[in-house]
There are 2 protein chains.
Amino acid sequence: MGFWKNLFSGSEAPSSPNSGSMEVFSSYDGTGDRPEADFRICFSTDRDLDLYELEELCDAVGWSRRPLRKVKKAIQYSFLVVTMWEVRGKRRRLIGFSRATSDHAFNATIWDVVVHPSFQGKGLGKALMNYTIKKLRYEDISNITLFADPHVVDFYRMLGFMPDPEGIKGMFWYPNHN
Amino acid sequence: MGFWKNLFSGSEAPSSPNSGSMEVFSSYDGTGDRPEADFRICFSTDRDLDLYELEELCDAVGWSRRPLRKVKKAIQYSFLVVTMWEVRGKRRRLIGFSRATSDHAFNATIWDVVVHPSFQGKGLGKALMNYTIKKLRYEDISNITLFADPHVVDFYRMLGFMPDPEGIKGMFWYPNHN
C-alpha cells in the first residue's frame, strides 16, 4: 500500500486550486504502456453531476433519501462542490462527495461529506477533505466549520478541526420546541 | 414593561415573511396624535445598509474590526440579512443585525448576531432571532444552525436551539494545525 502513502503524504495537495478537476492518484507509474487494469482517483469541482449517481453514493452509506429537486438546488447554491472519482479508461465512477456553504468572505461550513464504503479505509476521505479545505483556503475563507457526527469527530480532529474551540457550541434549531 | 411582553409573546412574528421590512413595536398606541417622543422598532431584510453604521454597531459590542470590503461581500453572498432599527420620526438608527449563509435548500447557518448594548435586556435579541428563524423557515430551510459563544448558549437554548444534538459536534479548522 506504499502508493497510497505516497499519495496522501502532503505533496498530493492540489497545486492548482483553480483547476476544475485533477488527478491525485494513478496505479500507472508512467512507464511503458498503461495496463488495462489501470485506474486513477480524480477530484473535480464541476457541479454538473448525475444526481442519481450521487443518490446511489448516499444510499451506499445509508443516508436518508432527499428530494432530488432540493439536492439540485443545494448543489447550485453551495459555494463549493467537490466530487471524487474512480476513473478506469473512459469509465468513471463517483466515489466521494463534499460541499460547502459560505458567505464568500469569512465563513464556510462543510456538509454532506461521503466516501463510498468500498473505498473507505484507504485515506481517500482524508484526501477529499484536504482537497476541500485547500479550495476554501484558496478562496481566502478564514473560518472553515462543520458539524461532525460523534463517530467522525476523531477523523476531523486528525485533519485539524477542533471541537468546541474556546467553548463555542454548535447548535441546531428544532421546530417543535416552540 | 407590559408592551415589551406583548411584543414578544409570539404573535409579534412577521405575518408576511416576504415583506422587506416590518414594524414590530411602537410606543404609540394608535390613538390621538403621534407623540413627539414616539419611536418604533423595525426589522428589515434590505441589504443596502451603511457599512460604517454596521461597523459602529459591532464596535459597540467590542468585536474586532473587519475589512469593509469583505463585510460587503459577506452581506452580498449571505442568504439572509436582517437588520433591526430604532425609528424616531424620519431618523432611524441601526441597533441589531444578523445574517445567515445557506444552500437555499436544506441548511442555514446564522452568523454575526448583534444587539446594541443600550438596547439589550429588553427582549430585542429574542425578537431579532425569532424574525431571522421565521424568515429561514419561510424559505423552507429545515436545518437552522449556529455557533454560539459560551455566554450566549443559554440564550439560544431558550429560543429552541440545542447544543450538540445526538452528539453532533461543531468543529472549526485551524490553519496552523497542519
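Helices here are DSSP runs of type H or I with at least four residues, strands are runs of type E with at least two, and both are numbered from the N terminus. This is a predicted model, in which local features need pLDDT of at least 70, side-chain atom pairs count only at pLDDT 80 or more, and totals for chains, interfaces and linings use all residues. Residues are numbered from 1 along each chain as its sequence is written, chains are lettered from A in the order in which they are written, and side-chain values use heavy atoms, with hydrogens and water left out.

**Two copies**

Let us start with the pair of chains.

**Cavities**

A cavity is a set of points on a 1 Å grid over the protein atoms alone where a 1.4 Å probe fits but cannot get out, and its lining residues have an atom within 4 Å of a point. Grid points are joined across faces, edges and corners, and the volume is the space filled by probe spheres set on the points. The structure holds five cavities of 30 Å³ or more. Here are two of them, side by side.

| Cavity | Volume | Residues from the top contributor |
|---|---|---|
| Largest | about 140 Å³ | H2(A), five residues |

The lining of the second largest cavity includes Leu54(B), Glu55(B) and Cys58(B).

**Aromatic rings**

Rings of Phe, Tyr and Trp (its six-membered ring) pair if their centres lie within 6.5 Å; planes under 30 degrees apart count as stacked, over 60 as edge-to-face and the rest as tilted. Over all chains there are 11 such pairs. Phe147(A) and Phe147(B) are stacked, because their ring centres are 4.7 Å apart and their planes lie at 5°. Each of these residues sits in strand E6 (residues 143-148) of its own chain, so the pair joins two chains. Phe147(A) is buried, with a relative accessible area of 14% (buried means under 20%, exposed over 50%, partly exposed in between, with a 1.4 Å probe and protein chains only). Tyr156(A) and Phe161(A) make an edge-to-face pair, 5.8 Å centre to centre with 80° between the planes.

Technical notes
On a 1 Å grid over the protein atoms alone, a cavity is a set of points where a 1.4 Å probe fits but cannot get out, and a pocket is an open set with protein on both sides within 12 Å along at least five of seven lines; lining residues have an atom within 4 Å of a point.
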